[in-house]
Amino acid sequence: MTARDLARQIVVISAFCFMIVAAMVGTGLFGGTPVQDLQGGALDQDGSYLAPARPAFSIWTAIYVGLFAYTVWQALPRQRGSERQRALGYLIAGTMALNGLWLVTAQFGSLALTVLAIIVLLALLGVTFHRTVIEPADGWADRLLVDGVTGLHLGWVTLATVANIAAWLTSIGTPDWEASADLWGVVVLIVVAAVGLGIEAASHWRIAPALALAWGLGWLAVGRLAGEPHSTAIGVAAIIVAVVVLGAALVGTVLREATAVRNAEV
(Lines give C-alpha, C1' and ligand atoms only; values in the text may rest on other atoms or scores of the structure.)
Protein backbone atom coordinates (compact mmCIF):
# COMPACT_ATOMS: atom_id res chain seq x y z
CA MET A 1 0.00 0.00 0.00
CA THR A 2 1.30 3.44 -0.95
CA ALA A 3 0.32 7.09 -0.77
CA ARG A 4 -0.99 6.72 -4.31
CA ASP A 5 -3.48 4.13 -3.12
CA LEU A 6 -4.76 6.49 -0.44
CA ALA A 7 -4.99 9.27 -3.01
CA ARG A 8 -7.09 7.02 -5.25
CA GLN A 9 -9.52 6.33 -2.42
CA ILE A 10 -9.84 10.05 -1.71
CA VAL A 11 -10.44 10.82 -5.40
CA VAL A 12 -13.26 8.24 -5.51
CA ILE A 13 -14.89 9.76 -2.41
CA SER A 14 -14.54 13.27 -3.86
CA ALA A 15 -16.07 12.21 -7.18
CA PHE A 16 -19.02 10.65 -5.41
CA CYS A 17 -19.60 13.78 -3.32
CA PHE A 18 -19.49 15.97 -6.44
CA MET A 19 -21.99 13.69 -8.19
CA ILE A 20 -24.42 13.78 -5.27
CA VAL A 21 -24.26 17.56 -4.92
CA ALA A 22 -24.87 17.88 -8.67
CA ALA A 23 -27.80 15.46 -8.38
CA MET A 24 -29.32 17.53 -5.58
CA VAL A 25 -29.04 20.64 -7.72
CA GLY A 26 -30.55 18.69 -10.60
CA THR A 27 -33.59 17.71 -8.54
CA GLY A 28 -34.10 21.28 -7.36
CA LEU A 29 -33.13 20.65 -3.73
CA PHE A 30 -30.44 23.34 -3.79
CA GLY A 31 -32.48 25.85 -5.73
CA GLY A 32 -31.75 24.45 -9.15
CA THR A 33 -34.36 23.65 -11.79
CA PRO A 34 -35.52 20.00 -11.86
CA VAL A 35 -34.08 18.10 -14.83
CA GLN A 36 -37.47 17.55 -16.46
CA ASP A 37 -37.98 21.32 -16.63
CA LEU A 38 -34.54 22.17 -18.02
CA GLN A 39 -33.81 23.09 -21.62
CA GLY A 40 -37.43 24.08 -22.22
CA GLY A 41 -38.66 20.65 -21.14
CA ALA A 42 -36.67 18.89 -23.87
CA LEU A 43 -35.40 16.29 -21.37
CA ASP A 44 -38.86 15.43 -20.02
CA GLN A 45 -40.88 12.32 -20.88
CA ASP A 46 -42.65 14.08 -23.72
CA GLY A 47 -39.53 15.78 -25.10
CA SER A 48 -39.03 13.27 -27.91
CA TYR A 49 -40.28 9.97 -29.31
CA LEU A 50 -37.44 8.12 -27.57
CA ALA A 51 -37.87 9.53 -24.07
CA PRO A 52 -38.83 7.04 -21.32
CA ALA A 53 -41.73 7.82 -19.00
CA ARG A 54 -40.70 9.55 -15.76
CA PRO A 55 -40.80 6.46 -13.48
CA ALA A 56 -37.87 5.07 -15.50
CA PHE A 57 -35.57 7.62 -13.88
CA SER A 58 -36.07 6.05 -10.46
CA ILE A 59 -33.30 3.67 -11.49
CA TRP A 60 -30.91 6.46 -10.53
CA THR A 61 -31.76 5.70 -6.90
CA ALA A 62 -30.44 2.16 -7.29
CA ILE A 63 -27.35 3.38 -9.16
CA TYR A 64 -26.56 6.09 -6.60
CA VAL A 65 -27.08 3.70 -3.66
CA GLY A 66 -24.79 1.21 -5.38
CA LEU A 67 -22.13 3.85 -6.02
CA PHE A 68 -22.38 5.00 -2.41
CA ALA A 69 -21.88 1.43 -1.19
CA TYR A 70 -18.93 1.05 -3.58
CA THR A 71 -17.39 4.33 -2.36
CA VAL A 72 -17.57 3.21 1.27
CA TRP A 73 -16.33 -0.30 0.48
CA GLN A 74 -13.36 0.83 -1.61
CA ALA A 75 -12.33 3.19 1.21
CA LEU A 76 -11.78 0.29 3.61
CA PRO A 77 -8.12 -0.29 4.52
CA ARG A 78 -8.11 -3.77 3.02
CA GLN A 79 -9.09 -2.36 -0.39
CA ARG A 80 -6.33 0.24 -0.40
CA GLY A 81 -3.74 -2.05 -1.94
CA SER A 82 -6.14 -4.03 -4.12
CA GLU A 83 -4.78 -4.53 -7.62
CA ARG A 84 -8.31 -4.52 -8.99
CA GLN A 85 -9.06 -1.20 -7.33
CA ARG A 86 -5.83 0.19 -8.71
CA ALA A 87 -7.10 -0.77 -12.16
CA LEU A 88 -10.70 0.40 -11.67
CA GLY A 89 -10.83 3.06 -8.96
CA TYR A 90 -9.94 6.07 -11.07
CA LEU A 91 -12.16 4.87 -13.92
CA ILE A 92 -15.20 4.58 -11.66
CA ALA A 93 -14.39 7.96 -10.13
CA GLY A 94 -14.33 9.36 -13.66
CA THR A 95 -17.79 7.96 -14.42
CA MET A 96 -19.17 9.56 -11.26
CA ALA A 97 -17.56 12.89 -12.04
CA LEU A 98 -18.94 12.84 -15.60
CA ASN A 99 -22.34 11.88 -14.24
CA GLY A 100 -22.30 15.01 -12.11
CA LEU A 101 -20.89 17.06 -14.98
CA TRP A 102 -23.84 16.11 -17.17
CA LEU A 103 -26.21 17.45 -14.52
CA VAL A 104 -24.23 20.69 -14.26
CA THR A 105 -24.21 20.99 -18.06
CA ALA A 106 -27.97 20.40 -18.23
CA GLN A 107 -28.50 23.03 -15.53
CA PHE A 108 -26.20 25.75 -16.85
CA GLY A 109 -25.20 24.79 -20.41
CA SER A 110 -26.91 23.95 -23.68
CA LEU A 111 -28.69 20.83 -24.87
CA ALA A 112 -25.89 20.19 -27.37
CA LEU A 113 -23.35 20.19 -24.53
CA THR A 114 -25.41 17.62 -22.62
CA VAL A 115 -25.15 15.36 -25.66
CA LEU A 116 -21.37 15.71 -25.66
CA ALA A 117 -21.19 15.08 -21.91
CA ILE A 118 -23.33 11.95 -22.00
CA ILE A 119 -21.45 10.49 -24.98
CA VAL A 120 -18.16 10.90 -23.10
CA LEU A 121 -19.78 9.33 -20.01
CA LEU A 122 -21.04 6.39 -22.08
CA ALA A 123 -17.59 5.85 -23.60
CA LEU A 124 -15.90 5.84 -20.18
CA LEU A 125 -18.52 3.48 -18.78
CA GLY A 126 -17.84 1.15 -21.68
CA VAL A 127 -14.11 1.19 -20.96
CA THR A 128 -14.74 0.70 -17.24
CA PHE A 129 -17.13 -2.20 -17.73
CA HIS A 130 -14.72 -3.85 -20.16
CA ARG A 131 -12.01 -3.58 -17.51
CA THR A 132 -14.28 -5.36 -14.99
CA VAL A 133 -14.48 -8.24 -17.46
CA ILE A 134 -10.74 -8.62 -17.97
CA GLU A 135 -9.91 -8.03 -14.28
CA PRO A 136 -11.64 -10.88 -12.37
CA ALA A 137 -13.64 -9.95 -9.25
CA ASP A 138 -12.42 -11.00 -5.82
CA GLY A 139 -15.50 -12.16 -3.94
CA TRP A 140 -19.21 -11.39 -4.02
CA ALA A 141 -18.89 -7.81 -2.70
CA ASP A 142 -16.44 -6.94 -5.48
CA ARG A 143 -18.70 -8.56 -8.06
CA LEU A 144 -21.81 -6.76 -6.82
CA LEU A 145 -20.42 -3.30 -6.07
CA VAL A 146 -18.05 -3.03 -9.01
CA ASP A 147 -19.32 -5.28 -11.80
CA GLY A 148 -23.02 -5.04 -10.92
CA VAL A 149 -23.24 -1.31 -10.30
CA THR A 150 -21.06 -0.43 -13.29
CA GLY A 151 -23.21 -2.72 -15.44
CA LEU A 152 -26.42 -1.01 -14.30
CA HIS A 153 -24.86 2.39 -14.90
CA LEU A 154 -23.74 1.40 -18.40
CA GLY A 155 -27.07 -0.16 -19.38
CA TRP A 156 -29.08 2.85 -18.28
CA VAL A 157 -26.74 5.45 -19.77
CA THR A 158 -26.84 3.56 -23.08
CA LEU A 159 -30.56 4.27 -23.36
CA ALA A 160 -30.24 7.72 -21.77
CA THR A 161 -27.75 8.66 -24.49
CA VAL A 162 -30.28 7.73 -27.15
CA ALA A 163 -32.98 9.78 -25.40
CA ASN A 164 -30.62 12.74 -24.95
CA ILE A 165 -29.61 12.79 -28.61
CA ALA A 166 -33.24 12.42 -29.67
CA ALA A 167 -34.20 15.36 -27.44
CA TRP A 168 -31.49 17.52 -29.01
CA LEU A 169 -32.42 16.56 -32.58
CA THR A 170 -36.08 17.23 -31.81
CA SER A 171 -35.21 20.68 -30.49
CA ILE A 172 -33.36 21.67 -33.67
CA GLY A 173 -35.58 19.83 -36.13
CA THR A 174 -38.44 21.11 -38.23
CA PRO A 175 -42.10 20.04 -37.83
CA ASP A 176 -41.99 17.92 -40.99
CA TRP A 177 -39.47 15.59 -39.28
CA GLU A 178 -42.34 14.17 -37.26
CA ALA A 179 -43.74 12.43 -40.34
CA SER A 180 -40.83 9.95 -40.27
CA ALA A 181 -40.54 9.68 -36.47
CA ASP A 182 -41.96 6.14 -36.32
CA LEU A 183 -39.54 4.83 -38.93
CA TRP A 184 -36.44 6.39 -37.43
CA GLY A 185 -37.52 5.51 -33.90
CA VAL A 186 -37.79 1.82 -34.82
CA VAL A 187 -34.44 1.92 -36.65
CA VAL A 188 -32.75 3.46 -33.59
CA LEU A 189 -34.28 0.79 -31.33
CA ILE A 190 -32.89 -1.93 -33.61
CA VAL A 191 -29.46 -0.34 -33.17
CA VAL A 192 -30.04 -0.27 -29.40
CA ALA A 193 -30.80 -4.00 -29.53
CA ALA A 194 -27.56 -4.66 -31.39
CA VAL A 195 -25.57 -2.57 -28.91
CA GLY A 196 -27.22 -4.27 -25.94
CA LEU A 197 -26.51 -7.75 -27.32
CA GLY A 198 -22.95 -6.69 -28.11
CA ILE A 199 -22.38 -5.55 -24.53
CA GLU A 200 -23.77 -8.83 -23.22
CA ALA A 201 -21.69 -11.01 -25.53
CA ALA A 202 -18.50 -9.06 -24.80
CA SER A 203 -19.08 -9.39 -21.05
CA HIS A 204 -19.86 -13.13 -21.18
CA TRP A 205 -23.59 -12.48 -20.75
CA ARG A 206 -23.56 -10.48 -17.56
CA ILE A 207 -27.09 -9.51 -16.70
CA ALA A 208 -26.76 -6.07 -15.05
CA PRO A 209 -26.56 -4.01 -18.27
CA ALA A 210 -29.52 -5.91 -19.71
CA LEU A 211 -31.63 -5.27 -16.61
CA ALA A 212 -31.07 -1.52 -16.80
CA LEU A 213 -31.56 -1.39 -20.56
CA ALA A 214 -34.75 -3.45 -20.43
CA TRP A 215 -36.06 -1.27 -17.59
CA GLY A 216 -35.56 1.87 -19.65
CA LEU A 217 -37.04 0.30 -22.79
CA GLY A 218 -40.09 -0.84 -20.87
CA TRP A 219 -40.79 2.69 -19.67
CA LEU A 220 -40.06 4.06 -23.13
CA ALA A 221 -42.83 1.77 -24.37
CA VAL A 222 -45.16 3.09 -21.66
CA GLY A 223 -44.36 6.65 -22.70
CA ARG A 224 -45.19 6.02 -26.36
CA LEU A 225 -48.23 3.81 -25.84
CA ALA A 226 -49.86 5.70 -22.96
CA GLY A 227 -48.36 9.18 -23.20
CA GLU A 228 -47.36 11.86 -25.66
CA PRO A 229 -46.00 11.91 -28.26
CA HIS A 230 -47.92 8.72 -29.06
CA SER A 231 -46.37 6.04 -31.28
CA THR A 232 -47.63 2.48 -31.36
CA ALA A 233 -44.77 1.39 -33.64
CA ILE A 234 -42.05 2.69 -31.33
CA GLY A 235 -43.83 1.43 -28.22
CA VAL A 236 -44.17 -2.11 -29.58
CA ALA A 237 -40.59 -2.07 -30.90
CA ALA A 238 -39.32 -1.01 -27.47
CA ILE A 239 -41.12 -3.95 -25.85
CA ILE A 240 -39.69 -6.40 -28.37
CA VAL A 241 -36.15 -5.05 -27.93
CA ALA A 242 -36.48 -5.21 -24.12
CA VAL A 243 -37.57 -8.86 -24.31
CA VAL A 244 -34.79 -9.77 -26.74
CA VAL A 245 -32.05 -8.04 -24.71
CA LEU A 246 -33.16 -9.38 -21.35
CA GLY A 247 -34.01 -12.83 -22.69
CA ALA A 248 -30.61 -13.20 -24.34
CA ALA A 249 -28.88 -12.20 -21.10
CA LEU A 250 -30.89 -14.74 -19.08
CA VAL A 251 -30.24 -17.55 -21.54
CA GLY A 252 -26.57 -16.65 -21.77
CA THR A 253 -26.25 -16.59 -17.98
CA VAL A 254 -27.89 -20.02 -17.63
CA LEU A 255 -25.67 -21.51 -20.31
CA ARG A 256 -22.57 -19.95 -18.76
CA GLU A 257 -23.40 -21.36 -15.32
CA ALA A 258 -24.21 -24.77 -16.76
CA THR A 259 -20.86 -24.82 -18.57
CA ALA A 260 -19.06 -23.82 -15.36
CA VAL A 261 -20.76 -26.68 -13.48
CA ARG A 262 -19.81 -29.20 -16.15
CA ASN A 263 -16.21 -28.02 -16.16
CA ALA A 264 -16.06 -28.27 -12.38
CA GLU A 265 -17.35 -31.85 -12.50
CA VAL A 266 -14.71 -32.78 -15.06
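Helices (H or I, at least four residues) and strands (E, at least two) are taken as DSSP runs and numbered from the N terminus. The structure is a predicted model, in which local features need pLDDT of at least 70 and side-chain atom pairs count only at pLDDT 80 or more, whereas totals for chains, interfaces and linings use all residues. Residues are numbered from 1 along each chain as its sequence is written, and side-chain values use heavy atoms, with hydrogens and water left out.

Helix packing is considered first. Helices α1 and α3 pack at an angle of about 20°, their axes lying 8 Å apart; axes are lines fitted to C-alpha atoms, for helices over the stretch in contact, and angles run from 0 to 180 degrees between N-to-C directions. This angle makes α1 roughly parallel to α3, given that angles under 35 degrees count as roughly parallel, over 145 as roughly antiparallel, 65 to 115 as roughly perpendicular and the rest as oblique. The crossing of α1 past α3 is left-handed, a term used if the near helix is turned anticlockwise from the far one by less than a right angle, with right-handed used if clockwise. The contact of α1 with α3 comprises 17 nonpolar, six polar and four charged residues. In this classification Ala, Val, Leu, Ile, Met, Phe, Trp, Tyr, Cys and Pro count as nonpolar, Asp, Glu, Lys and Arg as charged, and the others, Gly among them, as polar.

Helix α6 (residues 181–202) packs against helix α7 (residues 208–226) at an angle of about 165°, with the axes 10 Å apart. The two helices α6 and α7 are therefore roughly antiparallel to each other, and α6 passes α7 in a left-handed crossing. On the α6 side, L189, V192, G196, I199 and E200 meet P209, A210, L213, L217 and L220 of α7, contact being defined as heavy atoms within 4.5 Å. Eight nonpolar residues, one polar and one charged make up this contact of α6 with α7.

Grid points are joined across faces, edges and corners, and a volume is the space filled by probe spheres set on the points.

The largest pocket has a volume of about 670 Å³. Its lining consists of 30 residues, of which V35, F57, W60, W102 and L103 lie nearest the centre. Two or more lining residues come from each of α1 (3–26), α2 (59–74), α3 (83–108), α4 (111–134) and α5 (140–172), and α5 gives the most, with six. By class, 21 lining residues of the largest pocket are nonpolar, seven polar and two charged.

The second largest pocket, of about 580 Å³, is lined by 21 residues, with A166, L169, T170, W177 and A181 nearest its centre. Helices α5 and α6 each supply at least two residues of this lining, the largest share, five residues, coming from α5. The lining of the second largest pocket divides into 12 nonpolar, seven polar and two charged residues.

One cavity of 30 Å³ or more is present in the structure. The largest cavity, with a volume of about 30 Å³, is lined by G155, T158, G196, I199, E200, P209, A210, L213 and V245. Helices α5, α6 and α7 are the elements that give two or more residues to this lining.

Key:
1 Å grid on protein atoms, 1.4 Å probe; cavity = no way out; pocket = protein on both sides within 12 Å on 5 of 7 lines; lining within 4 Å.
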